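Reader: I'm new to this one and would like to go through it slowly. Could you show it to me before we start?

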Amino acid sequence: MSKSSYTSDHLFYAWQVWVIPVVGYGLKSGLKSGLKLGVQFCFMLFLAIGLEFVLPANPAWADQAMMRRIEIQDKPLSIKFFVTQDIPVKVIQVEKRELLVALKNVKLEKGFKILGKEKPGIGDIAVESLPGNVIAVILTGTHPYKYTQSKFNSSDSSFSVRLETVQDNTVSKTASIPVKSGEKINQPESAKASETNGVGKKEKASSSADKKSEYTAVSPVSNPPAPKALESTPSAASQIPSIPESSKPIPSKSGGQEESKVSVKIATPTVYVPPKRETSQLKGDISDITRSIDPAQCDSQQINNSILLLKKGVYKEAFEFLDQYIFQENFTCLEQAYFLRAYAFYKITAPDDFAGLLKAERFFQDALVAYPKSMLVPYGYAAIGMIQKRLNNDSAAEGYFNIVKQGYLQYSGLAEVMYHLAQIYDSRGYEDKALRYFKQVFEDTMENSYIPDAGIGYGKALFKKRQYLNALMVLNYVTASNPKKVYETPEVLLHIGNANFEVGESRLARQNLNRVLNLFPGIEGRDVILNKIGDTYGMENNKEKAVKVYELVREKFPDSEGYIASSIGIARYMTNDPEKIEIYTMIKARFPEHSFSRIAMMRLAEIYQANEEYDKCIKEIEDLLSTHPRGLRYEAVKLMQRAYEALFQKQLKADEYTRVLNRYELEHERLDRMGSRKIALTVGLAYLQAKLYEESFNHLINAYKQYPRASRSEQLLLGLGIAMDESGRKDDALKLLNGFVKRFPKSRDQGQALSRSGDIYLDQKNYTLASQKFHDAFKKAKNPLDRGNMLMRRSNVFEKKGDMETASNLREKAVKEMALASGENYEALTHAYKELGRTYAFLKHYVRSADAYLKALSFSEDDQEKANLGFLLGDAYQKGNIIPKARQAFQQVVTSYDSVWARLAQQRLNTLDLAEAVQNS
């Protein structure tokens, strides 16, 4: 086979089978490690078989080139890479919206920039420098790419990639085939016409990438997908309804299409940029003991051989060799032999072999006692600390670790010591200390073997502190740079999925939680994980799938925590309150001690509140606070407060103020602690209706202080003004009532406020203002009875001033207004005519006065008032010298049941008889 045929045939096979799947593996999962693996493999393959890249061979191909900038242009959409010389370039379209451009033998120039990132069609662009002078550029489009062209422009020393996007997801993807320079390619006519020089080619994605990934351009360091063998592992997750890999586009208002959106606010983590770390031969752990022994200080070939065995991991043979060496009482390098023997025995001891661990500790103690000033002492202390930690003696382990941390600052294994201290503090609940130590190891500027594990611990600690975006940033970086960590423990993926969930990334959360169940089918808490997967559908308003997952959990995991949570989830989507109440009551009855029971009780209380069953709502919250005093206390008390507020408002509106007062008197300690301004307002108004003005004032002034000025209602201002007036706070009442009149000019209570202000001015002998207030109240009144009352009040002002003529005129108008009022207003009419008669009597219009008293007497229904009016009638007749009628009036009073007015009337009759006898004599 010729070289050329070998190249074309085998390269095509290798490209399809290896390169595209590997690169796609990295890109689809958003992993930098996968990207590195794919790009490096791509170049190794091409270099090994001597194949040229897209560009022709160049004699200066191996020279170092520099990339100055990347420029994104539109019309047409293209990306230009400005480099100092021709370089090997490969363009791979891995996804509909994702393109990889790999450039070989090039570095980023100082001051490198990316220009035009805001151009339409480009969602994101990520640049990464890889080993071997490779630069990988990931282009993520806002729409799928229809085809691509790439060419090198010698005029401005740039490599350009031309793109064309489409507005739908109908682009077919086939295996991408590398094309040599000058090779003919099938292109659309528009592409052929626009191509002027260089070589263009249409890149098609691999058939292995037919399934759209959930890779997001914002966070390119997501998690690697599980191998197919693991993904097909039967588990409970396999029974979950199928998960849509992408949302179907929906028509937009502009006529195009856009991705469907959910009503969840999504925050995206940033990409973690690690610090620049120095590399060395040391690993930052206890294994550095084999590298810290200077061969120049230990002239023993036997010890050097044992060190080689330890470096190769042959610990058992090394231990036997060193133990024999010490037993033979050799005097050369005995110090090193003691420490190395202890280290070798420690490495061959199983973590759960407590007897072996104690023996290993004894070996290290022997070395420390024999050589207390040795340079290897920190290795001994660190090892004993780790042994004590394995023995679950964290206090002793912490002591040994602190000896090393504080006394041996130059010890190369400090990273390991800090990592174990962080684990100890984490287990004890010292979250801040644990987070600080994990972070210190993770961000160490020296390479060490504990960086990945510290990163996982750091991410978990951030998650505990509810710093979910930071946790995602760290954990995504760890899994990208160390993909195997995903398969070692379920905690990594579980924390990533939970963090995705907390920040609203429902699809990524579901993807990662599903992978946890697939990779670790025996994990504890599968019911909780499945329930959270159902919640992710709920976040997307996909009720049907959410309910299916919840029902699956209830079927597969009865009496579990997931069962309870899924029951609550199902109830959330029910529209029938009785069915919801049935589920919540079941949870409360079957799982009274579980924390979800309090959620069920809260939901029950909320249903009762919404249905205006306030007594049931309050009772449910009382039960909740008594059985779960620490859970949901704030929310429960607030809900109870709203129930009391609504209940009191409802009762007050129905004129059931006595029920408000009775309940308040019984439960005033609880209600006062709530500090609710609405409760203070309704209780104050209830006391006002009961004419308990001092109590009303105390509650209403409390509400007044809590409400902002703009939120103070008519009821509050008027009620407080009345309470102030009735409780003797006249000046304050006057200010409040006048303020009410100005602020609520259209209120139907204007007349009441004005009349009360007039009464206060009248008591203060401010007759002008009093008259004005009553006059304003008269104009505001629409009811004839109210208009008559205002006229009567204003007449009192003129009576106080001594202007009885004006007073009589006003009272005449008042009785006419009152007579027009509907209903039987006998009491008001009686009082008005009585006052009118008294005014006429003062003016010595006795006949008119008697007529007024007669009308008052006709309206009066009270016997005592009738007796009083009868006496006044007789007095008016007597003063008008109408003696027969006066006698008749007095005689009627004498026969009444009122003894006081009867005696007075009898005295008048006696006076009349005496006057008549004297006249006749």
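This is a predicted model: local features need pLDDT of at least 70, side-chain atom pairs count only at pLDDT 80 or more; totals for chains, interfaces and linings use all residues.

Reader: OK, and how many helices and strands does the chain have?

Author: The protein chain has 39 helices and eleven strands. It runs to 921 residues, and 48% of them count as buried.

Reader: Going inside, which residues touch the most other members of the largest nonpolar core?

Author: Those are Ile 621, Tyr 644 and Phe 648, in a core of 127 residues. Helix 25, which covers residues 633–653, gives the most to this core, with nine residues.

Reader: And what does Ile 621 touch?

Author: Leaving aside residues up to four places away in sequence, Ile 621 touches Ala 605, Ala 636, Leu 639 and Met 640. Apart from this core lies another, of 78 residues, including Ile 286 and Phe 442.

Reader: Switching to strand 2, which of its residues point which way?

Author: Ser 78, Lys 80 and Phe 82 point one way from strand 2, while Ile 79, Phe 81 and Val 83 point the other way, and all of these are buried.

Reader: How does strand 2 pair with strand 1?

Author: Strand 1, residues 65–73, and strand 2 pair in the antiparallel sense over six bridges, and Arg 69 stands opposite Phe 82 in strand 2.

Conventions:
Residues are numbered from 1 along each chain as its sequence is written. Side-chain values use heavy atoms; hydrogens and water are left out. Helices (H or I, at least four residues) and strands (E, at least two) are DSSP runs, numbered from the N terminus. Buried means under 20% relative accessible area, exposed over 50%, partly exposed in between (1.4 Å probe, protein chains only). A nonpolar core is a set of buried Ala, Val, Leu, Ile, Met, Phe, Trp, Tyr and Cys residues joined through side-chain atoms within 4.5 Å. Contact means heavy atoms within 4.5 Å. Two strands pair if DSSP finds at least two bridges between them.
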